[in-house]
Amino acid sequence: MLPRLDELEDDLVARRQHAIAQGWKGEVEGIELTLTFLRSQRSQVHRSQRLPPVNLGIPSFLHSRPTTE
C-alpha cells in the first residue's frame with residue numbers, strides 16, 4: 001500500500017506544479033487538500049504497521065439443543 005501512496009503523491013505533486021503554472025487556483029487548493037489527506041493516510045499506515053498483531057482467538061460454540069416448552 002505504501003508504494004502506491006508514494007506513486008499517488010508524486011502524481012499529485014506534478015499535477016499541482018502544472019496547476020500553479022496554469023494559474024488554476026481552485027485546482028491547486030483541491031490538490032493540496034488531497035495531498036493532505038494522502039499524507040494522513042500514509043501516517044496511519046505507518047502507525048498500524050508498528051502495532052503488534054492481536055490474537056482474537058477461535059470462537060467456541062456451545063452445542064445445546066433448543067428446548068421445546
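E9 sits in helix 1 of this predicted model. With a relative accessibility of 14%, E9 counts as buried, because the cut-off for burial is under 20%. The side chains of E9 and R39 are joined by a polar contact of 2.7 Å.

**E9 and its partners**

- Which residues does E9 touch, leaving aside neighbours within four places in sequence? They are L35, L38, R39 and R42.
- L38 lies 29 residues away from E9 along the chain. Even so, the C-alpha atoms of E9 and L38 are separated by 7.3 Å.
- R42 belongs to helix 2. Is R42 buried or exposed? R42 has a relative accessible area of 15%, so it falls under the 20% limit and is buried.
- R42 is in contact with L2, L5, D6 and E9, again setting aside neighbours within four places in sequence.

**Helix 1**

- Helix 1 runs over residues 2-22. It has 21 residues.
- From first C-alpha to last, helix 1 reaches 30 Å, close to the 30 Å expected at 1.5 Å a residue.
- The buried residues of helix 1 are L2, L5, E9, L12 and A19.
- An α-helix has 3.6 residues a turn, so residues three or four places apart point the same way.
- What do the buried residues of helix 1 pack against? They pack against helix 2.
- The face turned away from the buried side of helix 1 carries exposed residues: P3, D10, Q17 and A21.
- Q17 is exposed because its relative accessible area is 53%, and the cut-off for exposure is over 50%.
- Q17 and V28 are eleven residues apart along the chain, and 8.3 Å separates their C-alpha atoms.
- Just after helix 1 comes G23, with a positive phi of about 80 degrees.

**Helix 2**

- Helix 2 runs over residues 25-50.
- Helix 2 has 26 residues, so at 1.5 Å a residue it should span 38 Å. Its end C-alpha atoms are 38 Å apart, which agrees.
- Which residues of helix 2 are buried? They are V28, I31, L35, L38, R42 and V45.
- Helix 1 is part of what covers these buried residues of helix 2.

**The nonpolar core**

- The largest nonpolar core is made of nine residues. They are L2, L5, L12, A19, V28, I31, L35, L38 and V45.
- Helix 1 and helix 2 each supply at least two residues of this core. Helix 2 gives the largest share, with five residues.
- V45 is one of the core residues. Leaving out residues up to four places away in sequence, V45 touches M1, L2 and L5.

**The chain as a whole**

- How many helices and strands does the protein chain have? There are two helices and zero strands.
- The protein chain has 69 residues, and 16% of them count as buried.
- Among contacts with a separation of 6 or more, 55% are between residues 24 or more positions apart.
- The protein chain exposes about 6400 Å². Carbon and sulfur atoms supply 56% of that area.

Notes
Residues are numbered from 1 along each chain as its sequence is written. This is a predicted model: local features need pLDDT of at least 70, side-chain atom pairs count only at pLDDT 80 or more; totals for chains, interfaces and linings use all residues. Side-chain values use heavy atoms; hydrogens and water are left out. A nonpolar core is a set of buried Ala, Val, Leu, Ile, Met, Phe, Trp, Tyr and Cys residues joined through side-chain atoms within 4.5 Å. Buried means under 20% relative accessible area, exposed over 50%, partly exposed in between (1.4 Å probe, protein chains only). Helices (H or I, at least four residues) and strands (E, at least two) are DSSP runs, numbered from the N terminus. Contact means heavy atoms within 4.5 Å. A polar contact is a pair of N or O atoms within 3.5 Å; within protein, one must be able to donate a hydrogen and the other to accept it, and residues adjacent in sequence count only if both atoms are side-chain atoms. The expected span of a helix is 1.5 Å times one less than its number of residues. Accessible areas come from the Shrake-Rupley method with a 1.4 Å probe; for residues, only the protein chains shown count as cover.
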